[in-house]
Amino acid sequence: MSSQTAILDAHYMARALELARKGLYSTHPNPRVGCVIVNQGEVVGEGWHVRAGEPHAEVHALRQAGERARGACAYVTLEPCSHHGRTPPCAEALVQAGVARVVAAMQDPNPQVAGRGLRRLAEAGVEVASGVLEAEARALNPGFLKRMEHGVPFVRAKLAMSLDGRTAMASGESQWITGAAARGAVQRLRARSSLVLTSAQSVLADNARMTVRGAELGLDPDTTALALSRTPQRVLIDGRLRLPLDAPFFQAGPALVVTALAADPRYAAAGHELLVLPGNDGQVDLPALLRLLAERGANEILLEAGAGLVGAFAQLGLIDEYQLFVAGTFLGSQARPLLDWPLERMADAPRLKIIEMRAVGDDWRVIAIPTSAPGV
């Protein structure tokens, strides 16, 4: 491949990734995918996957290109599918349209595809290439890739804290540590997630609903409407079923409640699902919960809870990414800590790699990832 071809491939793939990001809030449980079709240096078709069950990015781009797709090059952020699901295979659509070359950012880890789409194209005489801006493509779909490659969702823990590492006063009072800009960022994290996972203790302390509030998203009207058209499932871990069914959390809509106790028919009668999943210690079996949620199609989980539940996830190595919102305030030595995770030796202290730090309004957001592989 010439250097000029490599430059052009990266240029058009960057545009395909830009299109794919339009589906950040709406494609669950499918990956976010974009496609650009280029014929003799002219972009003749563009598309992105909007929702599961609707046409894939390639189909939208091919419809826009029409006859100009013949002999063109298609840039796709994920290998075109080769199987019949709720929509026909995109690899076949590209072949039928007469596309001469297909460049994929990466192969699809879905076992139903896993290289078969590119092979189908090559067998039909289409020139294929992959690996262009692959790191950027992987970063766009961390949950889909984690689910396909490891059988568990990508877990992102959101925590708000003071400069002295405290999350709430000793009484439990915590609203609001951070400002409006940080709360808007959290709303966008909720909106992009397959589900929001919280604890009874957190909901009781804040009287929380854990819903997506469109007015706080800070997005343009079209994107806001798209985000609100697919809101994340709300999952409550309530080992002892402490949260009353008339709490605002339950009044906000159907929820999945996970407990270590026996089944209780009142939850189904109120429109909620109750899942009994006891662990060996009398608590909810968290690794088993993640595997079950992956089987249900969960890609990205936003863990919004207090020191106890987040600490339990952290100790088990189940957190892929921490998003820490740091406010310019002190809460004092009697306030509650960030994590319930007793450590006695420096050698036991987990190391994190900070990958981003930036101001969000008057607060700071720190994104960090564990340096060791999360558990499953």
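Both faces of strand E8 are covered: Leu195, Leu197 and Ser199 on one side, and Val196 and Thr198 on the other, are all buried. Buried here means under 20% relative accessible area, exposed means over 50%, and partly exposed lies in between (1.4 Å probe, protein chains only). Strands (E, at least two residues) and helices (H or I, at least four) are DSSP runs, numbered from the N terminus. Five of the five residues of E8 (residues 195-199) are buried, so the strand is largely enclosed by the rest of the structure.

This is a predicted model, in which local features need pLDDT of at least 70 and side-chain atom pairs count only at pLDDT 80 or more, while totals for chains, interfaces and linings use all residues. Residues are numbered from 1 along each chain as its sequence is written, and side-chain values use heavy atoms, with hydrogens and water left out.

**Strand pairing**

Two strands pair if DSSP finds at least two bridges between them. E8 has a parallel neighbour in strand E9 (residues 233-237), to which five bridges join it. Within this pair, Ser199 has Ile237 of E9 as its bridge partner. E8 also runs parallel to strand E12 (residues 300-303), with three bridges between them. There, Val196 stands opposite Leu302.

Arg358 stands opposite Arg365 of E16. The hairpin of E15 and E16 has two residues between the strands, and Gly361 takes a positive phi near 65° in it.

| Strand pair | Direction | Bridges |
|---|---|---|
| E8 (residues 195-199) and E9 (residues 233-237) | parallel | five bridges |
| E8 (residues 195-199) and E12 (residues 300-303) | parallel | three bridges |

**Backbone details in loops**

A cis peptide bond, with omega about 0°, joins His28 and Pro29. Pro29 is found in the loop between helix H1 (3-20) and strand E1 (34-39).

Leu133 is not a glycine, yet its phi is positive, near 55°. This residue sits in the loop between strand E5 (127-130) and helix H5 (134-140). Leu133 is partly exposed, with a relative accessible area of 23%.

Met210 likewise has a positive phi, about 60°, although it is not a glycine. Its loop lies between helix H8 (200-206) and helix H9 (221-228). With a relative accessible area of 9%, Met210 is buried.

**The chain as a whole**

The chain holds 13 helices and 16 strands. Its radius of gyration is 23 Å, close to the 21 Å that the globule rule gives for 376 residues, so the chain is as compact as a globular protein of that length. The radius is taken over C-alpha atoms, and the rule is 2.2 Å times the number of residues to the power 0.38. Along its principal axes, the C-alpha trace spans about 70 × 45 × 45 Å.

Of the 376 residues, 51% count as buried. Among contacts (heavy atoms within 4.5 Å) with a separation of 6 or more, 69% are between residues 24 or more positions apart. The chain exposes about 17,400 Å², and carbon and sulfur atoms supply 51% of this area, computed by the Shrake-Rupley method with a 1.4 Å probe.
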